[in-house]
Amino acid sequence: MAGTKDIVILGIETSCDETSAAVLVNGKELKSHIISSQIETHRKYGGVVPEIASREHCLHIKNVVEQALTQAEVDFNDLSAIAVTYGPGLVGSLLVGVAAAKAMAYAAGIPLLGINHLEGHVYANFLEHPDLEFPILCLLASGGHTNLILFKGHFDYEVLGKTRDDAAGEAFDKIARALGLGYPGGPYIQKAAARGNPKAFNLPRAMLEAESLDFSFSGLKSAVLNTLNTARMKGEHVDINDLAASFQEAVVEVLVAKTKRALAKLPQVKTLALAGGVAANTLLREALAKELEGGDIRFVYPSLKLCTDNGAMIAMAGYYHFIKGNYASWKLNAVPGLNL
Ligand code: KG4
Ligand code: ZN
């Protein structure tokens with residue numbers, strides 16, 4: 001049971017294929033965190049099927065919210081506000097969360113908080129590292145986005161670099177599919193790569209113009225696909241583990257190099273934060289940690305459960321919106337193409 005002065009936020013996330021809800025008290029104590037994943041449902045199609053995803057959210061949202069409230073030992077009367085992802089994401093999936101959050105907040109007579117999913121990923125870091133100090137450089141790498149972002153304060157940020165084509169996670173997913181590994185690609189590539197030689201294939205690293213902090217992964221993706229197709233046409237065997245390891249190393253090398261480039265331009269920044277599903281990648285974490293070893297930059301990343309989509313990060317971003325009085329209107333709608 002939460003006290004009357006506590007700020008109790010229910011966070012709801014339904015932007016893609018996870019139905020998730022979490023209760024966060026005073027921006028610190030995560031009282032519950034429920035994630036209902038649809039991965040098994042979509043796996044046989046090799047990726048998320050939007051229509052199925054929204055139907056699954058409809059089936060699970062009520063239970064997921066009820067479980068989150070029960071586990072946190074709170075009811076609607078204890079809640080200060082409801083935070084919900086309103087974009088970016090799949091429109092049908094987003095709509096389920098937005099409609100549910102709106103109805104519940106309206107009925108409970110409490111504010112509704114509209115959260116940008118990408119900001120949510122970054123705010124996952126504040127859950128486990130509440131003492132983070134601005135300015136913070138954030139490398140956000142997910143299934144749909146790859147960005148270098150300078151955070152000067154809460155919700156006060158500048159996008160320094162973005163992908164010009166595929167997102168890093170998208171590249172992992174497409175290559176995993178081409179290699180006959182599973183969905184989602186990141187964890188499967190990582191597993192295969194652990195058994196392979198990252199030097200086996202010489203793959204391109206798109207660094208773009210010398211000063212640019214933008215990313216490009218489509219050339220790398222094409223190079224991997226060409227390697228596979230050429231070998232198949234010649235009837236040659238390709239070691240999938242070696243190719244996965246070489247691909248993973250190429251992605252990580254570019255992410256690390258661009259992050260280093262950004263840090264070199266920003267001597268005032270003493271904190272680097274990773275965010276998004278690709279932040280779960282062990283090689284990326286280790287490579288960045290190695291680069292920063294012995295320096296004065298604090299390097300943080302969320303625990304594995306908080307890297308991929310979850311309601312806790314939405315509740316965390318919601319907490320800061322709430323204390324700023326930044327409430328959403330009852331007209332809040334899903335914005336599938338919402339950006340930073
Ligand atoms: O943040 P997220 O859960 O959803 C989006 O907002 O897109 O990110 C999902 C992405 C997928 O592309 C998935 O393959 C990737 O994160 N991912 C990983 C790993 N775990 C998940 N990529 C590389 N290594 C991983 N261990
Ligand atoms: Zn996400």
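**Reading the model**

Guide: Let us begin with one residue: N26 is located in the loop between β2 (18–25) and β3 (29–37). Helices (H or I, at least four residues) and strands (E, at least two) are DSSP runs, numbered from the N terminus. N26 is not a glycine, yet its phi is positive, about 55°. This is a predicted model, in which local features need pLDDT of at least 70 and side-chain atom pairs count only at pLDDT 80 or more, whereas totals for chains, interfaces and linings use all residues. Residues are numbered from 1 along each chain as its sequence is written, chains are lettered from A and ligands numbered from 1 in the order in which they are written, and side-chain values use heavy atoms, with hydrogens and water left out.

Visitor: Where does F155, with its positive phi, lie?

Guide: F155 sits in the loop between β7 (146–153) and β8. Its phi is about 60°, and it is not a glycine either.

Visitor: Which peptide bond that ends at P88 is cis, and what is its omega?

Guide: The bond from G87 to P88 is cis, with omega near -10°. P88 belongs to the loop between β4 (81–87) and α3 (91–108). A cis bond also joins F134 and P135, where omega is about 0°. P135 is part of the loop between α4 and β6 (136–141).

Visitor: How is the chain divided into domains?

Guide: Domain bounds come from an automatic or database domain assignment. Here the assignment gives domain 1 (8–123 + 308–324) and domain 2 (134–269). The centres of the two domains, taken over C-alpha atoms, are 28 Å apart. Domain 1 brings 16 residues to the contact and domain 2 brings 12, where contact means heavy atoms within 4.5 Å.

Visitor: How much area is buried between domain 1 and domain 2?

Guide: Buried area is the accessible area (1.4 Å probe) that two parts lose on being put together, summed over both. Between domain 1 and domain 2 this is about 1400 Å², and carbon and sulfur atoms give 69% of it. Six residue pairs are in polar contact across this interface, both residues at pLDDT 80 or more. A polar contact is a pair of N or O atoms within 3.5 Å; within protein, one must be able to donate a hydrogen and the other to accept it, and residues adjacent in sequence count only if both atoms are side-chain atoms. On the side of domain 1 that touches domain 2, the elements giving two or more residues are α1 (39–43), α4 (117–128) and α11 (311–324). The largest share, five residues, is that of α4.

Visitor: How many salt bridges does the rule find across the interface of domain 1 and domain 2?

Guide: A salt bridge is a side-chain nitrogen of Lys or Arg within 4 Å of a carboxyl oxygen of Asp or Glu. Across this interface the rule finds zero, while the count for the model comes to 17. One salt bridge pairs the side chains of R205 and E249 (3.7 Å, N to O). R205 is in the loop between α6 (185–193) and α7 (218–234) and E249 in helix α8 (residues 240–265), so this pair ties together parts that are 44 residues apart in sequence.

Visitor: Which residues are closest to ligand 1?

Guide: A residue is near a molecule if one of its heavy atoms lies within 4 Å of it. Ligand 1 is surrounded by 19 residues, the closest being H121, G143, D173, G186 and Q190. An oxygen atom of ligand 1 is 2.7 Å from a polar backbone atom of G143. A ligand oxygen is also 2.7 Å from a side-chain N or O atom of D173, and for the side chain of H117 the corresponding distance is 3.1 Å.
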